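Open the model in your viewer and keep the selection tool at hand. The stops below say what to select and what is there.

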Amino acid sequence: MIQPQTHLNVADNSGARELMCIRIIGASNRRYAHIGDVIVAVIKEAVPNMPLEKSEIVRAVIVRTCKELKRDSGMIIRYDDNAAVVIDQEGNPKGTRIFGAIPRELRQFNFTKIVSLAPEVL
Amino acid sequence: MQAKFLLRVRPYRKAPLLQLGHCDYRIYVMVLQDVFALRTVQNSSEQQSPTEILKGKTILKVIEKNIISGSRSQRTRYNPATTMVLKTELCRFSGAKIYPGKGIRFIRSDSQVFLFANSKCKRYFHNRLRPAKLTWTAVYRKQHKKDIAAETVKKRRRATKKPYSRSIVGATLEVIQKRRTEKPEVRDAAREAALREIKERIKKTKDEKKAKKAEVMSKAQKTGKSNVPKGALPKGPKLGGGGGKR
């Protein structure tokens with residue numbers, strides 16, 4: 001349940017450390033974003049000497065939420081933090097490595113590259 | 001050709017919903033055991049309705065990662081996220097069984113997965129309570145050795161071995177049985193007899209050696225010169241002694 005003003009960790013090595021959600025892509029008055037949704041975010045904290053800098057506006061896809069993810073099989077998955085992966089307009093990740101566990105749902109949303117880079121897909 | 005099935009579980013229902021690839025029957029399978037193994041059902045060209053097939057206790061297999069060969073509409077609906085895991089897991093906190101469709105899975109930031117049977121276990125975990133201190137958890141029960149008597153009895157039962165009653169290459173079954181039923185007195189008597197035999201044999205060879213030696217000595221004295229080389233004499237008794245000792 002990510003909404004504007006939510007701070008998210010960055011789960012890749014694109015250069016950003018922390019993002020703040022500004023807007024949720026999808027519908028005009030969409031309230032919350034869940035895993036697999038694309039958001040517009042501003043970089044609040046960045047790693048020095050990287051292509052991405054602080055206060056830059058980027059798009060990101062949410063990969064982990066503290067709010068539970070419910071699967072059709074009845075399984076409920078809850079992560080420990082809110083995290084996103086910085087992507088470009090097409091949906092390809094800007095970084096080359098992904099950190100942490102990624103849920104399988106991202107494959108359905110056509111973020112196959114993120115899933116393939118993930119160290120663990122749960 | 002065999003039909004393959006997608007098993008989808010509706011949450012909050014105890015019986016899973018079974019959707020067959022070829023026909024639109026919906027069958028409710030009761031959960032009978034902890035792990036229900038399923039085997040592929042024959043093609044419906046056999047003209048058996050799915051209920052009949054299940055009554056005959058055929059079990060169905062869910063092939064998780066294969067694409068379902070069914071009608072096209074079913075194929076497009078295949079979704080890896082919805083295939084069910086048909087195995088009960090254990091709660092990390094209480095040790096209770098978690099049936100499919102129940103429980104909460106918590107993935108920590110270090111990618112360690114915790115399974116909880118219900119929100120009670122989850123809540124206690126997050127409040128950092130120790131399961132070893134709560135009487136109702138499996139960890140506590142194991143630590144305080146509750147209900148172990150039944151387990152140890154079971155283990156003892158398993159330990160008793162039956163005497164191996166099969167013929168081996170070296171000895172046929174009758175020989176083995178005969179040996180087994182032999183009384184110790186009989187065995188001792190047989191052993192003694194064998195020993196006696198060996199002793200007699202040794203004695204016999206020794207006597208023979210002595211006799212031979214005496215003959216040779218006497219012959220040597222008569223001739224004055226020892227025609228037989230000295231090496232022969234010591235060789236003789238040694239050879240005989242070696243055989244007897246064996």
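Two rings of Phe, Tyr or Trp count as a pair if their centres lie within 6.5 Å, with the six-membered ring used for Trp. This model is predicted, and a search of the whole structure finds eight such aromatic pairs over all chains.

**Stop 1: a ring with two partners**

Select B:Phe93 and B:Tyr124. Their rings are 6.1 Å apart from centre to centre, with 70° between the planes, and this pair is edge-to-face. B:Phe93 lies in the loop between strand E4 (89–90) and strand E5 (97–98) of chain B, while B:Tyr124 belongs to helix H3 (residues 119–126) of chain B. The pair links distant parts of the chain, 31 residues apart.

Is B:Phe93 buried or exposed? B:Phe93 counts as buried because its relative accessibility is 2%, and buried means under 20%. B:Tyr124 has 23% relative accessibility, so B:Tyr124 counts as partly exposed.

B:Phe93 and B:Trp136 form a tilted pair, at 6.2 Å centre to centre and 45° between the planes. B:Trp136 sits in the loop between H3 and helix H4 (138–143) of chain B, 43 residues from B:Phe93. With a relative accessible area of 36%, B:Trp136 is partly exposed.

**Stop 2: around these rings**

Keep B:Trp136 and select B:Lys120. This lysine lies over the face of B:Trp136, at 4.0 Å from the ring centre. Next, select B:Phe106, B:Phe114, B:Phe116 and B:Phe125, which form one aromatic cluster.

**Stop 3**

In soluble globular proteins, nonpolar side chains tend to be buried together. Move to chain A and select A:Leu19, A:Ile39, A:Val61, A:Val63, A:Val85, A:Leu106 and A:Ile114. Of the 39 residues in the largest nonpolar core, these touch the most other members. Among the elements that give two or more residues to this core are strand E2 (16–24), strand E3 (38–46), strand E4 (57–64) and helix H2 (112–117) of chain A.

What does A:Val61 touch? Leaving aside residues up to four places away in sequence, its contacts include A:Gly36, A:Val38, A:Val85, A:Leu106, A:Phe111 and A:Ile114.

Last, select B:Cys91, B:Ile98, B:Phe114 and B:Cys121. They are among the nine residues of a second, separate core.

Note on methods: Residues are numbered from 1 along each chain as its sequence is written. Chains are lettered from A and ligands numbered from 1 in the order in which they are written. This is a predicted model: local features need pLDDT of at least 70, side-chain atom pairs count only at pLDDT 80 or more; totals for chains, interfaces and linings use all residues. Side-chain values use heavy atoms; hydrogens and water are left out. A nonpolar core is a set of buried Ala, Val, Leu, Ile, Met, Phe, Trp, Tyr and Cys residues joined through side-chain atoms within 4.5 Å. Buried means under 20% relative accessible area, exposed over 50%, partly exposed in between (1.4 Å probe, protein chains only). Helices (H or I, at least four residues) and strands (E, at least two) are DSSP runs, numbered from the N terminus. Contact means heavy atoms within 4.5 Å. Rings of Phe, Tyr and Trp (its six-membered ring) pair if their centres lie within 6.5 Å; planes under 30 degrees apart count as stacked, over 60 as edge-to-face and the rest as tilted. A charge sits over a ring if NZ of Lys or CZ of Arg is within 6 Å of the ring centre and within 35 degrees of the ring normal.
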